[in-house]
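Grab a pencil and work through these exercises with the model open beside you. Try each task before you read its solution.

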Amino acid sequence: METASEKSAEAIVIGQPDEGPNEKESWKPVTLERTSRQKLGQPRHTVAHEGETLTHTMCDEVRLAGRVEEGSGRDDLLRQALSRENMVKAWKRVKANKGSAGVDGLTIEQTVAHLKTHWPRIQQELLNGSYRPRAVRRVEIPKPTGGTRELGIATVTDRLIQQALLQVLQPLIDPSFSEFSYGFRPGRSAHDAVLQAQRYAQEGFRVVVDVDLEKFFDRVNHDILMDRLAKRIGDKAVLRLIRRYLEAGIMRDGVVIARSEGTSQGSPLSPLMANVLLDEVDRALTQRGHRFARYADDCNVYVRSQKAGERVLRWLRKLYTRLHLRVNESKTAVGSVFGRKFLGYCLRRWSGDTVKIAVAPAALRAFKQRVKFITKRVGGKSMAELAKRMRQYLPGWKSYFRLAQTPQTFKNLDSWIRHRLRAIQLKHWRVGSTVYSRLRSLGVNHELAELVAGGSGRWWAHSGAGLNRVLTVRYFDTLGFPRLI
């Protein structure tokens with residue numbers, strides 16, 4: 001249960017004067033009870049917390065004092081970003097996203113106490129141009145396909161400021177992006193990109209130019225990005241602040257390293273900046289009439305022949321070189337659209353020359369690896385604990401791959417999972433006499449129960465010895481295990 005101070009953290013906003021002509025009117029902290037009447041819009045993917053209440057004690061309210069007059073034009077974006085309503089939305093988004101502490105070591109809860117004291121100074125520095133973002137903490141996370149991906153974790157304060165900027169900049173910039181750009185954009189998703197790829201293939205464009213950029217987020221050229229951004233927005237204060245975020249150092253092993261290129265993958269502004277830079281390629285593809293679908297730095301171009309695909313790839317290499325980006329030659333290819341992985345999916349040729357969407361083999365392998373890790377037969381986890389962990393993973397995977405038009409794949413995965421679960425259940429019963437009595441109580445005949453009970457240690461082999469008629473789908477349903485179908 002949340003404490004009163006934790007609930008008050010929901011209301012982290014900028015203190016604003018009551019409406020009126022008198023500039024000397026008193027400042028009041030704003031709570032979510034007040035802001036709920038202002039009908040704030042929900043940013044995409046924000047987790048709503050309806051019905052939350054806040055304590056009315058002044059000591060628990062978060063005061064972020066300082067006056068910010070709300071701007072209305074494209075040249076007053078910083079003041080719009082720091083407005084009361086926008087900061088409420090930004091804080092709710094940052095808190096919903098959770099995330100760990102940055103280089104200052106402050107968690108979300110600790111940042112609330114920090115901002116009570118330091119926000120007036122931070123806000124003033126933002127407005128007068130002297131604010132300096134903290135370095136980002138570099139961490140590595142495992143990739144589903146092997147290897148690691150580097151992420152930059154900014155401080156909670158800097159994530160809050162970046163989120164506030166994003167909420168003002170995205171409505172201005174996003175409408176100018178290509179209709180075939182789907183990554184990290186309101187109202188668009190990876191599913192839209194996959195469906196577009198299917199349409200291209202169905203129309204006869206069955207050779208794909210699959211371009212992979214080498215360490216894209218680490219190679220973003222600051223000067224080129226800022227030049228493209230300056231053509232879209234006119235607020236020099238915002239441009240200066242974004243430049244400083246780009247140039248904020250990276251802390252690795254306790255040492256801050258200066259950065260001359262790259263943008264922190266994982267920061268709120270990073271996806272928008274990526275789209276600003278890569279929109280130049282989108283425009284060039286559109287001008288030449290090419291069919292393409294892009295999700296962040298993952299871009300596929302669809303053509304009718306191998307020769308045309310190779311010609312397009314040579315041209316794309318030149319475009320990316322002008323942006324100081326490198327094509328990863330080992331992962332870039334021109335070939336048949338069928339079987340080529342795109343955002344975890346692939347396309348299959350079906351009867352009647354129709355094109356269907358399927359889960360890519362690499363995604364299936366990653367799924368099985370994850371399920372094996374969750375259900376490994378060592379560690380002493382109960383069936384209830386295993387069911388809980390499967391409920392945390394399976395529904396999300398199922399939701400993402402809901403476009404797949406191959407139900408047999410999901411049936412086979414369900415069957416494979418239940419086979420593993422039967423082996424685990426037998427291992428939990430462990431002692432032969434226990435196995436025998438449990439199986440008999442479930443209706444297994446004497447011969448089969450005796451056979452399985454006498455095969456101690458051969459759980460996987462015996463989990464398929466007719467036990468599917470006893471440890472059924474319904475049996476595992478009652479234990480709380482989710483299903484794909």
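**Exercise 1.** Find which residues Y320 touches, not counting residues up to four places away in sequence.

*Solution.* Step one: take contact to mean heavy atoms within 4.5 Å. Step two: list the partners of Y320, which are V211, L213, L278, V281, C299, L325 and V327. Together with L316, Y320 touches the most other members of the largest nonpolar core, which has 121 residues. A nonpolar core here is a set of buried Ala, Val, Leu, Ile, Met, Phe, Trp, Tyr and Cys residues joined through side-chain atoms within 4.5 Å. As background, nonpolar side chains tend to be buried together in soluble globular proteins.

A quick word on the ground rules. This is a predicted model, where local features need pLDDT of at least 70 and side-chain atom pairs count only at pLDDT 80 or more, while totals for chains, interfaces and linings use all residues. Residues are numbered from 1 along each chain as its sequence is written, and side-chain values use heavy atoms, with hydrogens and water left out.

**Exercise 2.** Work out whether V301 is buried or exposed.

*Solution.* Start with the cut-offs: buried means under 20% relative accessible area, exposed means over 50%, and partly exposed is in between (1.4 Å probe, protein chains only). V301 has a relative accessible area of 0%, so V301 is buried. Next, locate V301: it lies in strand β11, residues 298-303. (Helices are DSSP runs of H or I with at least four residues, strands are runs of E with at least two, and both are numbered from the N terminus.) Finally, check the neighbours: V301 touches, among others, V207, V208, F292 and L316.

**Exercise 3.** Describe how helices α6 and α10 are arranged.

*Solution.* First, the axes of α6 (residues 156-173) and α10 (residues 236-247) come within 12 Å and cross at roughly 135°. Axes are lines fitted to C-alpha atoms, for helices over the stretch in contact, and angles run from 0 to 180 degrees between N-to-C directions. Second, angles under 35 degrees count as roughly parallel, over 145 as roughly antiparallel, 65 to 115 as roughly perpendicular and the rest as oblique. The two helices, α6 and α10, are therefore oblique to each other. Third, name the contact residues: D158, I161, Q162, L165 and L169 come from α6, while V238, L241, I242 and Y245 come from α10.
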